[in-house]
Amino acid sequence: MKVIDVDNWNRKAHYKHFCGLKDPYFGLTLPFNVTKAYNFSKENNVSFFAKYLHDCMKAINAVENLKYRIENNLVVEHNIIHASATIMRSDNTYGFSFIDFDENLNIFIQNIEAEKDRIENSDDLYPPKNGLDCIHCSAMPWLNFTGQKEPVSGILESVPKIAFGKANKIGDEFSMNVAISVNHALVDGYHIGLFSEKFQAFLNQ
């Protein structure tokens with residue numbers, strides 16, 4: 001983890017302005033072509049959710065600003081960002097997970113399955129392992145949304161929030177809307193553009 005010297009940061013004025021807002025988050029909903037990722041999951045008998053979440057996390061970890069967090073009034077850059085996804089139980093309640101990221105898809109899937117098993121056999125809302133070195137994310141495969149709003153606590157937050165929508169078949173291809181909300185003190189539209197390009201490239205592999 002690296003501490004950013006805010007006083008000598010090129011985002012100093014930007015950072016101080018947006019940190020003064022009650023809600024410094026801004027959000028966008030973007031369409032992604034998930035055809036190759038969907039077909040890969042079916043052909044290899046792996047979870048489609050695990051496949052696109054893995055691609056998403058690779059993109060998150062490839063964009064420096066999406067690894068910034070505000071902790072104890074300091075801006076820090078984490079080395080690796082993990083996934084804190086909401087996971088539904090069989091009784092339709094849910095728990096928050098902390099899924100360790102790994103470049104290897106199979107290891108990442110094992111980490112997801114371990115968290116799914118823990119949550120199914122517990123009524124805890126929060127995971128035993130927690131931190132700001134993650135994104136908060138959820139999948140809503142029942143909904144084809146074109147806009148989405150995350151709840152905010154009222155305190156200064158800095159963890160990006162992502163929601164994945166329904167994969168819709170259009171002809172021979174699948175499209176999925178993804179909403180991303182970020183703290184504008186740390187992330188601009190330019191960085192979301194970088195994320196979008198990288199996410200789509202990973203989905204296409």
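1. A cavity here is a set of grid points where a 1.4 Å probe fits but cannot get out, and its lining residues have an atom within 4 Å of a point. The model is predicted. With that in mind, a search of the whole structure turns up one cavity of 30 Å³ or more.

2. Which residues line the largest cavity? The lining consists of Lys22, Asp23, Pro24 and Tyr25, together with Val152, Gly154, Ile155 and Glu157. The space inside the largest cavity comes to about 40 Å³. Sorted by class, its lining has four nonpolar, one polar and three charged residues.

3. The largest pocket has a volume of about 1000 Å³. It is lined by 36 residues, and those closest to its centre are Thr86, Ile87, Phe96, Cys137 and Ser138. The class count for this lining is 19 nonpolar, nine polar and eight charged residues.

4. Which element gives the most to the lining of the largest pocket? Helix α4 does, with six residues. At least two lining residues also come from each of the strands β5 (82-88), β6 (94-96), β7 (134-139) and β8 (161-170).

5. The second largest pocket holds about 150 Å³ of space. Its lining includes Asp23, Tyr25, Phe26, Gly27, Leu28 and Thr29. Also in the lining are Gln148, Lys149, Glu150, Val152, Ala179 and Ser181. Asp23, Tyr25 and Val152 line the largest cavity as well.

6. Strands β2 (25-33) and β9 (173-183) each supply at least two residues to the lining of the second largest pocket. The most comes from β2, with five residues. Five nonpolar, four polar and three charged residues make up this lining.

7. Turning to the helices, α3 (residues 48-61) packs against α4 (residues 105-120) at an angle of about 115°, and their axes are 10 Å apart. Why is this pair called roughly perpendicular? Angles of 65 to 115 degrees count as roughly perpendicular, so α3 is roughly perpendicular to α4. The crossing of the two is right-handed.

8. On the α3 side of this contact are Ala50, Lys51, Leu53, His54 and Met57, which meet Leu105, Phe108, Ile109 and Ile112 of α4. Seven of the residues in the contact of α3 with α4 are nonpolar, one is polar and one is charged.

9. Helix α2 (residues 35-43) crosses α3 at roughly 135°, and the two axes come within 9 Å. The pair α2 and α3 is therefore oblique. This crossing too is described as right-handed. From α2 the contact uses Ala37, Tyr38, Phe40 and Ser41, and from α3 it uses Phe48, Lys51 and Asp55. Four nonpolar, one polar and two charged residues take part in the contact of α2 with α3.

10. Helix α3 brings Lys51, Tyr52, Asp55, Cys56, Lys58, Ala59 and Ile60 to the contact, while α5 brings Phe195, Lys198, Phe199, Phe202 and Leu203. By class, the contact of α3 with α5 has eight nonpolar, no polar and four charged residues.

11. Lys51 is listed in the contact with α4, in the contact with α2 and in the contact with α5. Asp55 is listed in the contact with α2 and in the contact with α5.

Notes: Residues numbered from 1 in each chain as written. Predicted model: local features only at pLDDT ≥ 70, side-chain atom pairs only at ≥ 80, totals over all residues. Heavy atoms only, no water. Axes fitted to C-alpha atoms, helices over the stretch in contact; angles between N-to-C directions. Helix = DSSP H or I, 4+ residues; strand = E, 2+ residues; numbered from the N terminus. Parallel < 35°, antiparallel > 145°, perpendicular 65-115°, else oblique. Left-handed = near helix turned anticlockwise from the far one by under 90°. Contact = heavy atoms within 4.5 Å. Nonpolar A, V, L, I, M, F, W, Y, C, P; charged D, E, K, R; others polar. 1 Å grid on protein atoms, 1.4 Å probe; cavity = no way out; pocket = protein on both sides within 12 Å on 5 of 7 lines; lining within 4 Å. Points joined across faces, edges and corners; volume = space filled by probe spheres on them.
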